[in-house]
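Biologist: I am new to this structure and would like to learn how to read its features step by step. Could we go through it together, with the general idea before each case?

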Amino acid sequence: MVEAAQNGHLESFGALYERYHSPMVALAYSMLADRDLAEDAAQEVFAIACRDIESLKSKERFAAWLAGICRNVSRQMLRANRIKPAALSDEHAAKSGSDCGDRRETIRKAVWNLREAERELIVLRFFDGFSQARISEVLGLSSQAVNGRLVRAKRKIAKYLKRNGFTGDDYGTS
Amino acid sequence: MERPENNKWLDEALTETIGSEKPQTDFDKWKQQHPDAVNMLTSRAGKEASVSPARFKTRRMIMTSTITKLAAAAVIAIAAIAGIYQLNDTDKIDTTEIHNAMAGPQTFKLADGSEVTLAKGAQIRVNNAAGTRGFEHIAGVVDVSVVKGLGEFIVTTPYGEVKALGTEFTLDMVDGVTADTKEHVQLLAVEVTEGSVEVSNTKGASILKEQQKLVVEKDRAPYNISQDDNVPARLKERMTALVDAMKAGDAEAYSANYNFNYLYKLIKGEVEYDSNLFGGTEADAERLQQNLANIESAEALGKAFVQSVNIDGPTKVYLRDIEISEDGKHAKARLLTGKVAGSMRGSSPQWHNFDNDWWQVDD
């Protein structure tokens, strides 16, 4: 399919778009923490990919190549708009107020305090419920690496939440 | 602590907080919004896909793609109006004048003999008032050659006024949204070929000499790097070299701004990641180490980098401003790049002073 798209077959590129659009929105969201910006970024990612797909050497690395473009586009958007991810902004914090809002805010902070590589995994896993196999494909990582990093990232989040007074008891499911 | 993979509540909490409606995936709509990209892809139909050289996977230039149409639409041509003598049409696209407004592409002489060339998409409104010289710049790229010895020649624009006394200069007015960063950019770029001009607005003024260029943005003072005393001379050289390389699409000259000895050591783990010296994140550095683990030398790295640089000249590059850190060792510029036809992109290259020089550390 990638090779067909490289040869100018638009329907093949369309199939790639259908397959990877959602993961790219999630990946951009992991950096931008803003759903609208993430969708804009994903649109731009496919515009760049459409123009540059001829330059992709390893067809089997298409998803990882696309993810690289997505990181660059998201980073450019962050810089150009001189924003920090919404999850960390004071404005976002001010919107919360209820216990439920506070809890979500703390969880968001826990996620966006992770290293970029770990945050990507967590957001891909929970944004749209992607399987570990799918995440492994999109990020070009082995499934063992995805599993290991997910475990470590979740451990860090749990630790952060505990430090801030949130436990499974808040959900009644621990 | 309980193993997090067994914490059902944690999964629920993360799903509740991060989980979102599935994004709308609509390829037909995307196609309609990106006709240029679609055309580029479909134009390859029937050709075999080419094999490109090895690339950096994580440090890709993205400034040569995308299109945001900034230029004003061209309108229908009418012949000469009072004081204007059309010299030639450079294209078959229709042009016109409406209340002294002229649209490109075309070249003509004003009543005082000064010559004006409008690029495709450019528009001006000619000033016919007795005893005055000049015009109002409305949109696009305009080249001006002013006849000397006849007094002030003034170009008015929404972002400032350009005053010339016998000179040649180029104006480019940009008003649009960058394709990549979605930033609304409104600016006038001025480049002097011969003589000098004064550019001014309510925020400040700057005299621009031969071969100098500046950018004046809406509600900001004109910015001219050659007159910015905060920028060290060597850094000015580096930035000018970057801009020239991008304008020419010269990947080798572009790459010369990077410190490959340092990057090689980083890949080989001989130095630790430092966000000041490597513009990407630690995760980017890890990816670079993985993808280029077998690179043999700093020279080989430099060659691979040259092959990976995706700059497609000729293009226009405008330096909007430069921010220097308090300790004077780090600099970040804002650039606007794009094709003359109107596609624009924003970028923020960065430099750091280390290993006895200023090196570009991010694109």
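**Reading helix packing and local features**

Modeller: Let us begin with a pair of helices from two chains: α3(A) and α3(B) are roughly parallel to each other, in what is a predicted model. The label follows from the angle, because values under 35 degrees count as roughly parallel, and here helix α3 (residues 35–52) of chain A and helix α3 (residues 35–42) of chain B pack at about 25°, their axes lying 8 Å apart.

Biologist: Which residues make the contact between α3(A) and α3(B)?

Modeller: From α3(A) the contact takes Ala47(A), Cys50(A) and Arg51(A), while α3(B) contributes Ala37(B), Val38(B), Met40(B) and Leu41(B). Sorted by class, the contact of α3(A) with α3(B) has six nonpolar residues, one charged residue and no polar ones. The crossing in which α3(A) passes α3(B) is left-handed.

Biologist: What does the secondary structure of each chain come to?

Modeller: Chain A has nine helices and zero strands, whereas chain B has eight helices and 19 strands. Buried residues make up 50% of the 174 residues in chain A, and in chain B they make up 41% of the 363 residues.

Biologist: How should I read contacts by their separation along the sequence, and what share in each chain joins residues at least 24 apart?

Modeller: Take the contacts between residues at least 6 apart in sequence, and ask what part of them joins residues at least 24 apart: in chain A that part is 62%. For chain B, with the contacts again taken at a separation of 6 or more, residues 24 or more positions apart account for 50%.

Biologist: Where in helix α2 of chain A does a kink lie?

Modeller: In helix α2 (residues 10–32) of chain A there is a kink of about 45° at Tyr20(A), shortly before the proline Pro23(A). Just after α2(A) comes Ala33(A), which takes a positive phi of about 55°, although Ala33(A) is not a glycine. Ala33(A) has its place in the loop between α2 and α3 of chain A.

Biologist: Is Ala33(A) buried or exposed?

Modeller: The way to decide is to count the other C-beta atoms within 10 Å, with 20 or more making a residue buried. Ala33(A) has 24 of them, and is therefore buried.

Biologist: What is phi in Asp355(B), and where is that residue found?

Modeller: Phi of Asp355(B) is near 50°, a positive value in a residue other than glycine, and Asp355(B) is found in the loop between β18 (350–354) and β19 (357–362) of chain B. With 11 other C-beta atoms within 10 Å, Asp355(B) is exposed, because a count of 12 or fewer falls in that class.

Biologist: How do α2(A) and α3(A) pack, on either side of that loop in chain A?

Modeller: The helices α2(A) and α3(A) pack at an angle of about 135°, with 8 Å between their axes, and that makes α2(A) oblique to α3(A). The contact draws on residues of α2(A) including Phe13(A), Tyr17(A), His21(A) and Tyr29(A), and on residues of α3(A) including Arg35(A), Glu39(A), Phe46(A) and Cys50(A). By class, the contact of α2(A) with α3(A) has 14 nonpolar, one polar and two charged residues. The crossing of these two helices is right-handed.

Biologist: Which pair in chain A would show a perpendicular arrangement?

Modeller: That would be α8(A) and α9(A), which are roughly perpendicular to each other. Helix α8 (residues 132–139) and helix α9 (residues 143–163) of chain A pack at about 110°, with their axes 9 Å apart. Gln132(A), Ala133(A), Ile135(A) and Ser136(A) of α8(A) make the contact with Ser143(A), Val146(A) and Asn147(A) of α9(A). The contact of α8(A) with α9(A) has three nonpolar, four polar and no charged residues.

Biologist: Which residues is Phe27(B) in contact with, leaving aside its neighbours within four places in sequence?

Modeller: Phe27(B), found in helix α2 (residues 27–33) of chain B, is then in contact with Gly14(A), Tyr17(A) and Glu18(A). Phe27(B) is partly exposed, with 17 other C-beta atoms within 10 Å.

Conventions
Residues are numbered from 1 along each chain as its sequence is written. Chains are lettered from A and ligands numbered from 1 in the order in which they are written. This is a predicted model: local features need pLDDT of at least 70, side-chain atom pairs count only at pLDDT 80 or more; totals for chains, interfaces and linings use all residues. Axes are lines fitted to C-alpha atoms, for helices over the stretch in contact, and angles run from 0 to 180 degrees between N-to-C directions. Helices (H or I, at least four residues) and strands (E, at least two) are DSSP runs, numbered from the N terminus. Angles under 35 degrees count as roughly parallel, over 145 as roughly antiparallel, 65 to 115 as roughly perpendicular and the rest as oblique. A crossing is left-handed if the near helix is turned anticlockwise from the far one by less than a right angle, and right-handed if clockwise. Two residues are in contact if their C-beta atoms, placed from the backbone, lie within 7 Å. Ala, Val, Leu, Ile, Met, Phe, Trp, Tyr, Cys and Pro count as nonpolar, Asp, Glu, Lys and Arg as charged, and the others, Gly among them, as polar. The bend at a residue is the angle between axes fitted to the seven residues ending there and the seven starting there.
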